[in-house]
Amino acid sequence: MRTEKQTGRVMGGLLLAAMLLGLWNNFGLTTAIFAEPGWLQNGAQVPALFGASAVLGIVTSLMIMAAAILAWPILRQTSPSLALAYVLLSAIVVATSAVEQANFLAMRALSLQYAKNPGLDPALFEVMRGMVGAARHGIHYIDKLIGGTSVFVLFLALFRSNLVPRIISAIGLVAAPIQMVGICSALFMLPMNLAVLAPIALMLLVLSLTLLLRGFTPKALARPA
């Protein structure tokens, strides 16, 4: 019982830290890179931010996978297939995150070349900026789509196991598809409202705090799913 509670608290701490670091990385740390006039012009001025953001992106994805590995022996008692799927999807997120960060560093390389070669045709760099930027954004959306799927699987496993209050996992099962639909719209080059990310962010925050404070409910494992 004590181990399950402690495991839940550690998992909650990992999820909370990963979410907060991810938000800071996407909406704070990289602000100077993407500010006007754009990353092509700004990147050479702040090259260290590219490296810091890339490392932080890998670290947060590893933290999410660590949380999934921690939860696996507990979730598999009631939902073995979902527990395994959650671990596998989290591992895929690490791989897609690594590809995303490699493309992100390619953006830095292009920015450095832009700064070193002011005499070259600016139109050529604009074409290359579109190609390199599209490669990074494409894998970014795929990474977030797989991440949303993993969160959906987690909430489904928690709903079946009743290891946390069911109202949390039930709302999470609605919030995750909203995020996934929004990401799919971006993949098909349709406008995406950032508001579609709010429900899943809120539910992950609630889940993380609940686990951090209460851990898993051990008595739920004694009841059939």
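Which residues in helix 6 meet helix 8, and which residues in helix 8 do they meet? On the helix 6 side they are G148, V151, L154, F155 and L158, and on the helix 8 side I200, M203, L204 and L207, where contact means heavy atoms within 4.5 Å.

## About the model

This is a predicted model, in which local features need pLDDT of at least 70, side-chain atom pairs count only at pLDDT 80 or more, and totals for chains, interfaces and linings use all residues. Residues are numbered from 1 along each chain as its sequence is written, and side-chain values use heavy atoms, with hydrogens and water left out.

## Overall layout

The chain has eight helices and zero strands, so helices and strands here are DSSP runs numbered from the N terminus (helices are H or I, at least four residues; strands are E, at least two). The C-alpha trace spans about 70 × 30 × 25 Å along its principal axes.

## Helix 6 and helix 8

Let's return to the opening pair. Helix 6 (residues 122-161) packs on helix 8 (residues 198-214) at an angle of about 45 degrees, with the axes 12 Å apart. Axes are lines fitted to C-alpha atoms, for helices over the stretch in contact, and angles run from 0 to 180 degrees between N-to-C directions. Helix 6 is therefore oblique to helix 8; angles under 35 degrees count as roughly parallel, over 145 as roughly antiparallel, 65 to 115 as roughly perpendicular and the rest as oblique.

The crossing of these two helices is left-handed, meaning that the near helix is turned anticlockwise from the far one by less than a right angle (clockwise would be right-handed). The residues of the contact of helix 6 with helix 8 comprise eight nonpolar, one polar and no charged. In this scheme Ala, Val, Leu, Ile, Met, Phe, Trp, Tyr, Cys and Pro are nonpolar, Asp, Glu, Lys and Arg are charged, and the others, Gly among them, are polar.

## Helix 6 from end to end

At the start of helix 6, a side-chain oxygen of D121 comes to within 3.1 Å of the backbone nitrogen of A123. The 40 residues of helix 6 should span 58 Å at 1.5 Å a residue, and the end C-alpha atoms are 58 Å apart, which agrees; the expected span is 1.5 Å times one less than the number of residues.

After helix 6 comes N162, in the loop between helix 6 and helix 7. N162 is not a glycine, yet its phi is positive, about 65 degrees. Most residues other than glycine have a negative phi, and most peptide bonds are trans.

For helix 4 (residues 47-75) and helix 5 (residues 80-116), the axes come within 9 Å and cross at roughly 175 degrees. Helix 4 and helix 5 are therefore roughly antiparallel to each other, with 23 nonpolar, seven polar and one charged residue in their contact.

## A cis peptide bond

The peptide bond from E36 to P37 is cis, with omega near 10 degrees. You will find P37 in the loop between helix 2 (31-34) and helix 3 (39-42).

Note on methods. Polar contact = N/O pair within 3.5 Å; in protein donor to acceptor, adjacent residues only side chain to side chain.
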